[in-house]
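Me: Could you help me look through a structure? I would like to ask about it step by step.

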Amino acid sequence: MYTAWPLKYKPQSLSEVVGNSLAIAVFKDWVKSWDQGVPKKRAAFLYGPPGIGKTVTVEALANDFHMEFVEKNASDYRTEDAINRFAGLASQYGSLFGGKRLVLLDELDGLTGNSDRGGVRAITEVVKNAQAPVVLISNTAYDPRFATLRKYCLLIEFKKPTTSEVFKHLMRLCQVEGIQADENAVKFIAHRSGGDIRSAVNDLQALAQGKKQLTYEDVSWLGYRDRQDTIFNVVRMALYSRTCAVAKQAVNLADIDIDMLFEWIYENVPAHFNDPRDLANAMDALSMADVYRGKIRATQDWSFMRYVIDYMTAGVAMARQYSKVGWVPFKFPTRIQSLSWSKAERAMQRNIGYKIKPKFHISAKRSLSEVLPFIRIIFKNNTQKAAEIAKWLDLNEEMVNYLAGNEEKAAAITALLAENA
Ligand SMILES: Nc1ncnc2c1ncn2[C@@H]1O[C@H](COP(=O)(O)OP(=O)(O)O)[C@@H](O)[C@H]1O
Ligand SMILES: [Mg+2]
């Protein structure tokens, strides 16, 4: 069964929470102070950026202290009824059975706009009268809507953990998962997470799950992903669009060639189409796309390309009828990953893009997505044309080798080039 790692490795005890030791100590003391009677501030307001452990800190503390824990999303407290229930929960510290209660109202920033002003006011009233510790969580405490509420709260700032804290955490997960990880690879993930542990753990899972080793090469994909207008969004468009037109747009957004996008979609279709009927139809569409890719290879008739695109985007998206929409992470295409899509390769593509750009009078980005794929197909299939193009674009030998894809072809093209020079 698939378990998201942020869930699998959710700290169960405060001792497992990474970073923010000062904030956690202050929070702990405040909760303890309730044993001496109702303190001056009846609510603790934890705030800070997402993914750094605010929610898990409260959960872990309730766990450690064996408290009766009530956790709610603030947006559930929009109606008067719900607010009254909340007030009821907060009206008693000890229960009949000696347990102590901790009430958490999470994601306060989910309350938006004027219509929720009443909600914040009602929450403030509950806090003023609370007889049990109330914890509020929000990304920011300094929203003007919280101005009054703030006065009644102990403000506790949660800061982003340092890269090295995130790094250590990820290394530990690798160890538990039995993955031999290159430190630089893990550093890369930690660094780019910008202190968001949840997203770092997600990235680590996407890249390393099921592997014995994690190399730097594997993670250089992440940088690639960043540059690509987030490929995940593009694949999501292709897989989840409700209309053909939107699905097809994915191709324009993707700063990658069609073959690459095909791999991404192919890799992700099975997990995202959970109804077998849909899956069969989506795979049918992909196989049609592949048939037309084959036709292009055989005949070099590029006009087939539009069928390839239609089938792999709109065809796939329209296959979705019965599948449930749930949260499923996107996977990196294994077939391409094994081709080691390295930094050097990206640089190569960029350089070829710069050669294409002035000849076609289009941007480098469009050169890569609209011209390069065709050139690549030509290089793989037609030595004569490839040589002509190489000359026209003034490609160097390395570029020819790259586009040809294998040594033999490259040699043939280079030979032709030399003949015609
Ligand atoms: N400080 C941390 N230590 C360990 N794991 C963390 C930490 N922060 C986040 N995580 C991971 O990310 C997930 C989400 O954390 P969460 O507490 O919901 O973040 P926040 O509430 O700050 O947005 C957790 O389940 C855990 O797997
Ligand atoms: Mg949270």
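Reply: The questions below concern the ligand, its surroundings and the cysteines. This is a predicted model, in which local features need pLDDT of at least 70 and side-chain atom pairs count only at pLDDT 80 or more, while totals for chains, interfaces and linings use all residues. Residues are numbered from 1 along each chain as its sequence is written, chains are lettered from A and ligands numbered from 1 in the order in which they are written, and side-chain values use heavy atoms, with hydrogens and water left out.

Me: How many residues surround ligand 1?

Reply: There are 17, and the closest are Pro-6, Val-18, Gly-51, Lys-54 and Thr-55. A residue counts as near if one of its heavy atoms lies within 4 Å of the molecule.

Me: Which polar side-chain atom lies 2.9 Å from an oxygen atom of ligand 1?

Reply: That atom belongs to Arg-198. A backbone N or O atom of Val-56 also lies 2.9 Å from an oxygen atom of the ligand, and a polar backbone atom of Pro-6 is 2.5 Å from one.

Me: Why does ligand 1 lie between the domains?

Reply: Domain 1 (5–157) and domain 2 (163–227) both give residues to the shell around ligand 1, so it lies between them. The domain bounds come from an automatic or database domain assignment.

Me: New topic: is Cys-174 buried or exposed?

Reply: Cys-174 is buried, at 1% relative accessibility, and Cys-153 is buried with a relative accessible area of 3%. Buried means under 20% relative accessible area, exposed over 50%, and partly exposed in between (1.4 Å probe, protein chains only).

Me: How many disulfides are there?

Reply: The count is 0 disulfides, where a disulfide is a pair of cysteine sulfur atoms within 2.5 Å.

Notes: Polar contact = N/O pair within 3.5 Å; in protein donor to acceptor, adjacent residues only side chain to side chain.
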